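Hi,

Here is the structure I promised to pass on. Have a look at it first, and my notes follow below.

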Amino acid sequence: MTTVALKAKDYKSGVKPIWCPGCGHFAVFAAITRALAYLELPKERVAMISGIGCSSRLPAYVDSYGFHGLHGRALPLATGLKVARPELNVLVAGGDGDGFSIGGNHFLHACRRNIDLTYIVMDNRVYGMTKGQASPTTAPDWAKSKMTPHGTGVRRFQPAAIALSAGATFIARGYSGDPKGLTHMLVEAITHPGFSFLHVLSPCITFRPDQRSWKTGVHAFAEGPFEEPVEAAREIHADDGLGLGVLYAEKLPVWPPHIKPSGSLAEVEREFLT
Amino acid sequence: MNDMLAGEISSVAEFLAHALEMEVESAERYRELADNMEVHNNPQVATLFRRLAVEGDAHVEQVTRRCASIELPNIAPWAFKWTSPDGPESPAMEDLHYLMSRRQALELALHNEVRGLAFYIQVADRSLDAEVRQLAGEMAREEHAHVAMLENLLRREVDNELASPGDLDPPNMPE
């Protein structure tokens with residue numbers, strides 16, 4: 001059992017990140033460790049779960065329990081863990097490709113179930129690990145990849161709008177270039193009872209050097225946080241994709257409900273095995 | 001000089017909490033940057049950042065000595081009274097590039113050291129507490145010496161960017 005107050009650096013495993021110098025993920029990693037230290041969470045009460053991608057390397061870098069899972073499958077893994085070990089603070093990390101493309105279906109249902117998870121998506125609007133292809137959040141006219149020389153021509157996935165319509169009870173957007181604000185949002189997300197979705201703009205300066213302009217483009221949401229989905233939807237509709245802040249926070253019953261089982265394991269076995 | 005101070009620092013304990021956070025974060029950041037540059041095969045810049053981390057450790061020791069027997073307030077990470085996203089002396093991660101030269105790295109370090117100096121000067125100018133003003137003034141003078149050291153290193157730096165082969169396998173090459 002941990003007894004000494006931990007500092008942010010104590011939550012770093014010592015494994016050296018291999019992200020490109022300048023990558024936004026460094027600041028997200030630092031903000032996570034600061035939030036954990038601020039909340040004084042013992043390492044043995046934290047689990048970091050991920051899928052595949054640059055951002056999904058986080059479980060190796062955070063000194064807590066961790067599982068670097070399959071591509072797009074971080075949320076079902078985390079769901080199973082939270083149901084089996086409800087006392088753990090389960091943080092889920094991934095990127096826009098992992099979370100919104102191959103893992104898109106899991107994203108919808110994690111939002112809908114309102115499981116007590118904190119889902120941090122580091123969105124750089126590109127598949128960086130595989131050398132720069134368009135992701136679900138890439139603009140349709142982004143033509144820098146040889147795979148899509150004329151752009152994808154496909155409308156962008158709207159993470160906040162989809163999280164809201166799927167039933168997420170906490171939705172926020174942060175920016176890696178605003179580590180103070182991001183740390184504050186992480187603390188709110190981790191302490192929110194239920195599914196919290198933290199969408200983080202995290203530039204990939206290697207394959208999307210244009211994202212350096214985010215520094216001057218980001219701005220606070222005009223209003224929020226809202227408790228009414230309709231009001232949050234109105235703000236999302238007016239959003240240019242660079243608004244920051246907690247957009248929506250509502251307290252609803254968390255899944256799974258704390259009810260007694262309707263039968264014993266032996267009874268269930270009899271029903272199915274005899 | 002940029003405005004680095006948001007609000008006023010009103011006690012020695014509050015000031016030292018800020019100074020300690022700023023120096024610890026800066027030393028740790030340079031160590032991380034050195035590690036990162038090593039991973040990406042830029043040994044010249046990695047060595048420089050490693051040296052700056054060691055210098056940073058010395059600053060941390062100085063501030064820690066001043067903190068002896070003073071109970072520091074627990075300040076939330078987002079409540080520190082500097083205007084910069086991170087501590088004034090910490091280089092922003094997004095300002096790095098794996099092909100950066102020693103000169104660019106020194107310019108980055110100098111930029112941040114000047115911000116740290118500005119923070120101490122502005123605390124010394126604006127605090128209503130005489131003891132805080134005096135302590136911040138002392139630390140500004142120390143910081144001045146660090147700025148001078150970096151300026152000197154920058155003056156002596158020989159440009160060798162033209163001799164650099166760059167990256168023979170750049171990230172945006174077609175697959």
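In which loop of chain A is Thr169(A) found? Thr169(A) is in the loop between helix 6 (159-166) and strand 5 (170-175) of chain A; helices (H or I, at least four residues) and strands (E, at least two) are DSSP runs, numbered from the N terminus.

Before going on, some housekeeping. This is a predicted model, in which local features need pLDDT of at least 70 and side-chain atom pairs count only at pLDDT 80 or more, while totals for chains, interfaces and linings use all residues. Residues are numbered from 1 along each chain as its sequence is written, and chains are lettered from A and ligands numbered from 1 in the order in which they are written.

Back to Thr169(A): this residue counts as buried because 24 other C-beta atoms lie within 10 Å (the cut-off for buried is 20 or more, with C-beta atoms placed from the backbone). Beyond its neighbours within four places in sequence, its contacts include Asn114(A), Phe195(A) and Leu252(A) (contact means C-beta atoms, placed from the backbone, within 7 Å).

Now the interface: 27 residues of chain A are in contact with 20 residues of chain B. On the chain A side, helix 7 of chain A gives the largest share, 5 residues.

As for chain B, there are 4 helices and 0 strands, in the pattern α-α-α-α along the sequence. Its C-alpha trace spans about 60 × 35 × 30 Å along the principal axes, and 39% of the 175 residues in chain B are buried.

Happy viewing!

Notes:
Buried ≥ 20, exposed ≤ 12 C-beta atoms within 10 Å, placed from the backbone. Contact = placed C-beta atoms within 7 Å.
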